[in-house]
Amino acid sequence: QFTSCTEWTKGVARIRCEDCGYSYFRPFSCKMFHLCPFCDQKRTLLYAEYLAKDLLLDLPHRQFVFTIPKILRHSFKFDKRLFGEVSKLIFSLLSEFFSLAAGQELLCACVISYQSFGEFARFHPHWHVLALEGGFTNYDRFVYLPIGADEGMLRVWQATMLALFLQKKLIDQTRVNILKGWKHSGFSIESETRLLSTADREALGQYVVRGATCAEKIH
């Protein structure tokens with residue numbers, strides 16, 4: 001179905017306006033979302049528009065990208081619910097991070113979009129987080145905290161993930177000790193990208209829900 005998407009020789013539909021009489025032809029699409037880059041683009045654009053105009057507040061946001069080492073990635077192939085559980089952990093981690101930075105409890109917010117693929121559709125679970133830079137106090141006062149991830153957050157991210165895998169018996173203590181001894185653990189948090197305008201939020205909104213394939217990379 002994907003190989004014949006928008007192929008004119010496979011059939012077309014005629015679309016006509018009954019009021020003005022204008023009409024045009026459109027080839028059939030395969031509707032293979034998240035595989036076909038042509039069909040997925042409409043869904044991507046609509047989501048990004050909703051994100052930028054309706055969901056995110058008109059306040060500064062920052063993108064955090066959380067990654068894990070290859071040795072832990074295979075577990076996500078067999079239990080997709082892990083993606084959601086890790087998303088909840090990330091929200092708790094960021095909420096605590098901003099509350100500690102502010103010296104008081106804050107009501108924080110973020111949008112988390114997990115992806116299971118990297119470049120060329122290889123399996124690479126990671127999480128894109130569009131987080132409000134700061135949070136609200138109990139009196140609805142916004143506390144602005146334009147800060148990104150630091151070494152402390154990275155250590156907490158590593159410890160939290162290892163504790164989750166130990167709890168679920170997806171890894172044993174011996175392997176945890178080995179991971180902790182690595183110079184380069186494979187855990188990382190990128191937080192340099194900031195969203196300061198509607199255009200920024202819409203552009204990044206498209207990126208975090210993009211399909212696994214790109215038309216320019218398909219041969």
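A crossing of two helices is called right-handed if the near helix is turned clockwise from the far one by less than a right angle, and left-handed if anticlockwise. The views below are taken from a predicted model.

**View 1. Helix 1 and helix 7 pack in a right-handed crossing.** The axes of helix 1 (37-55) and helix 7 (198-208) come within 8 Å and cross at roughly 145°. Helix 1 contributes Gln41, Thr44, Leu45, Tyr47, Ala48, Glu49, Leu51, Ala52 and Lys53 to the contact, and helix 7 contributes Thr198, Arg201, Glu202, Gly205 and Gln206. By residue class, this contact comprises 5 nonpolar, 5 polar and 4 charged residues.

**View 2. The buried residues of helix 7 are Arg201, Leu204, Gly205 and Val208.** These residues lie on the same side of helix 7, because they cover an arc of only 110° around the axis. The elements that cover them include helix 1, together with strand 3 (61-67), strand 4 (110-117), strand 5 (123-132) and strand 9 (194-195).

View 3. Arginine 201 is buried at 2% relative accessibility, whereas aspartate 58 is exposed at 68%.

**View 4. Arginine 62 and glutamate 133 meet in a salt bridge, at 3.0 Å from N to O.** Through salt bridges with shared partners, Arg62, Glu133 and Arg194 are joined into one network.

**View 5. Within helix 1, glutamate 49 forms a salt bridge with lysine 53.** The closest N and O atoms of this pair are 3.7 Å apart, and the two residues, 4 positions apart, are separated by about one helical turn. Glutamate 49 is partly exposed at 34% relative accessible area, while lysine 53 is exposed at 54%.

**View 6. Lysine 169 has a positive phi, near 60°, in a residue other than glycine.** Lysine 169 sits in the loop between helix 5 (151-167) and helix 6 (173-181), where the residue is exposed, with a relative accessible area of 76%.

Note on methods: Residues numbered from 1 in each chain as written. Predicted model: local features only at pLDDT ≥ 70, side-chain atom pairs only at ≥ 80, totals over all residues. Heavy atoms only, no water. Buried < 20%, exposed > 50% of the residue type's maximum accessible area, 1.4 Å probe, protein only. Arc of directions from axis to C-beta. Contact = heavy atoms within 4.5 Å. Axes fitted to C-alpha atoms, helices over the stretch in contact; angles between N-to-C directions. Nonpolar A, V, L, I, M, F, W, Y, C, P; charged D, E, K, R; others polar. Salt bridge = Lys/Arg side-chain N within 4 Å of Asp/Glu carboxyl O.
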